[in-house]
Amino acid sequence: MILLEILSTMLLAAGALFIVSGAVGLLRFPDFYTRIHATGITDSAGAGLILCGLLLRTTTWEAGVRLLIIMLFLVVTGPTATHLLAHAARRDGVPVWRKGDSRR
């Protein structure tokens with residue numbers, strides 16, 4: 001039982017670290033494309049790790065099924081939304097940052 005608590009805590013902490021690193025990337029990266037890349041990757045990974053950590057702490061199977069459904073929803077919608085944002089930005093002419101350009 002204590003092993004599950006330790007593993008759950010490690011997964012929750014790793015998920016929180018991923019989400020914080022995505023927030024830092026959102027603030028520090030120079031343009032739209034690199035910002036959505038940072039948030040898209042870390043959002044999916046962070047949420048997945050947090051949900052796995054919560055899954056280890058559930059006591060009923062109903063809660064576990066709900067967490068798995070949420071995880072499936074996030075795995076499908078997160079990358080799809082990021083791709084659609086990048087595609088729409090490219091179509092609308094949002095320029096790609098080049099080394100030496102000012103931050104946008």
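Predicted model: local features only at pLDDT ≥ 70, side-chain atom pairs only at ≥ 80, totals over all residues.
Figure 1. The protein holds 3 helices and 0 strands. Its radius of gyration is 17 Å, while the globule rule gives 13 Å for 104 residues, so the protein is more spread out than a compact globule. The C-alpha trace spans about 55 × 25 × 10 Å along its principal axes.

**Figure 2. A view of helix α1.** Helix α1 covers residues 2-28, which makes 27 residues. From its first C-alpha to its last, α1 reaches 39 Å. That is close to the 39 Å expected at 1.5 Å a residue.

**Figure 3. The buried residues of α1.** Four names to find here are S8, G15, G22 and G25, which are buried in α1. Helix α2 (32-57) is part of what covers the buried residues of α1. Across the protein, 21% of the 104 residues count as buried.

**Figure 4. Contacts along the chain.** Take the contacts in the protein between residues at least 6 apart in sequence. Of these, 67% join residues at least 24 apart.

**Figure 5. The surface and its charges.** The accessible surface of the protein comes to about 7300 Å². Carbon and sulfur atoms account for 74% of that surface. The protein carries 10 positive side chains and 6 negative ones. The centres of these two sets lie 10 Å apart.

How values were computed: Residues numbered from 1 in each chain as written. Heavy atoms only, no water. Helix = DSSP H or I, 4+ residues; strand = E, 2+ residues; numbered from the N terminus. Rg over C-alpha atoms; globule rule 2.2 N^0.38 Å. Buried < 20%, exposed > 50% of the residue type's maximum accessible area, 1.4 Å probe, protein only. Contact = heavy atoms within 4.5 Å. Areas by Shrake-Rupley, 256 points an atom, 1.4 Å probe, with all protein chains shown as cover. Lys, Arg positive; Asp, Glu negative; His and termini not counted. Charge placed at Lys NZ, Arg CZ, Asp CG, Glu CD. Expected span 1.5 Å × (residues − 1).
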